[in-house]
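Please take a moment to look over the sequence and the model below, and keep both in view while reading. The paragraphs that follow walk through some pairs of charged side chains.

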Amino acid sequence: MTTQLTQSQLDDLARDLDAIRDEVRADLGERDARYIRRIIRLHRTLEIGGRVLMPFGFIPPVFVAGVASLGVAKIIENMEIGHNVMHGQYDWMNDPSLHSQTYEWDTVCTGDSWRQTHNYEHHTYTNVIGKDRDYGYAVLRLSDDEKWKPWHLLQFINYLMLTVFFQWGVGLHELESERIRRREIKLSDKKAFLRDFFRKGGRQAFKDYVFFPALTFPVFPIVLAGNVCANLVRNLWSSTVIFCGHFTEDAETFSEASIENESRGQWYLRQLTGSSNFTGGKWVHILSGHLSHQIEHHVFPDIPAHRYREIAPRVEAVCRKYGLKYNTGSFGKQYWTVLKRIAHYSLPDRVRVKLEAQAV
């Protein structure tokens, strides 16, 4: 349950967080530009390395090295470059190749679709049931706000399918399949989206599963298998990072009524209590696109993500000042609570409540 703050406290909360944001934005400059360009060079080096190694994958250690290199390259491009660039974190550089409105990342989801479903819908309506479609991705029940139905018993299968095929799930997110099932919209209403989806998805599939394997004939089965594995590595890691950002045990959810006439202070409060962090070393943060600091990301989505580590102690201090929980823990601990939440809400309410009572 969110700590209740008075309007005066909410206004003070907004001023405290605005002050941190304004200070960091005033300090943006060459250090940030050097950082993102260094990350881009690292991504390109790893991708070239992975694709060069892959044809020699008939040697098992080389196959593993090639998959690791290409998989990490895809993770860095999606998480630390694509996601953050499309949030507008580097628009101030006036570099056309790093602009939020034109960047196109190396995944099935089109940049335009992601900017609508994630950058706008998710970040505006974070964890608001019925408005934030990233919450459960329309295939997972994660709170009492959604009525239990028998098919929820099998939602762990949905979770496994979503995490294995994550880039395709994100790519299809704008289809709003749940609204089509409820006959609120028609499939024909999504013609333009589906055209763009098949065009981008087709290019991605052709590149990894036809073009690069064909270049390496007669060892194309090895390259094809390596590319499948690299995409799987990226899907498993990126989905797990994202689930740890909002699906943890203590991440709060909100009703549509609760955000009517929402003030800036209330918006900040919802971002703080609806998000969760995990701890780790420097490379855990980089490979997560610094979404290990999901709280700071949701409070300051357009600040370069590599700054989150620096400002996290200040954000945590603000939470302590207002008696708010700063939801963080080790990666393993947070992920375990995600799995528990998925399992708990797959059960009928009476069974779940009985089990929770027995556990107290």
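This is a predicted model: local features need pLDDT of at least 70, side-chain atom pairs count only at pLDDT 80 or more; totals for chains, interfaces and linings use all residues.

The structure holds 33 salt bridges, and another one of them brings together the side chains of Glu104 and Lys200, with 2.7 Å from N to O. This pair links distant parts of the chain, since Glu104 sits in the loop between helix 3 (60-86) and helix 4 (111-124), whereas Lys200 belongs to helix 8 (residues 191-215), 96 residues apart. Glu104 is partly exposed at 39% relative accessibility, while Lys200, with a relative accessible area of 4%, is buried.

A further salt bridge joins the side chains of Glu356 and Arg352, at 3.5 Å from N to O. Both residues lie within helix 15 (residues 349-359), where they are four residues apart, which is about one turn of the helix. Glu356 has a relative accessible area of 35% and is partly exposed, but Arg352 is buried, at 4% relative accessibility.

Salt bridges can also share partners, and in this way Glu47, Arg51, Lys74, Asp106, Lys207 and Asp208 are joined into one network.

Technical notes: Residues are numbered from 1 along each chain as its sequence is written. Side-chain values use heavy atoms; hydrogens and water are left out. A salt bridge is a side-chain nitrogen of Lys or Arg within 4 Å of a carboxyl oxygen of Asp or Glu. Helices (H or I, at least four residues) and strands (E, at least two) are DSSP runs, numbered from the N terminus. Buried means under 20% relative accessible area, exposed over 50%, partly exposed in between (1.4 Å probe, protein chains only).
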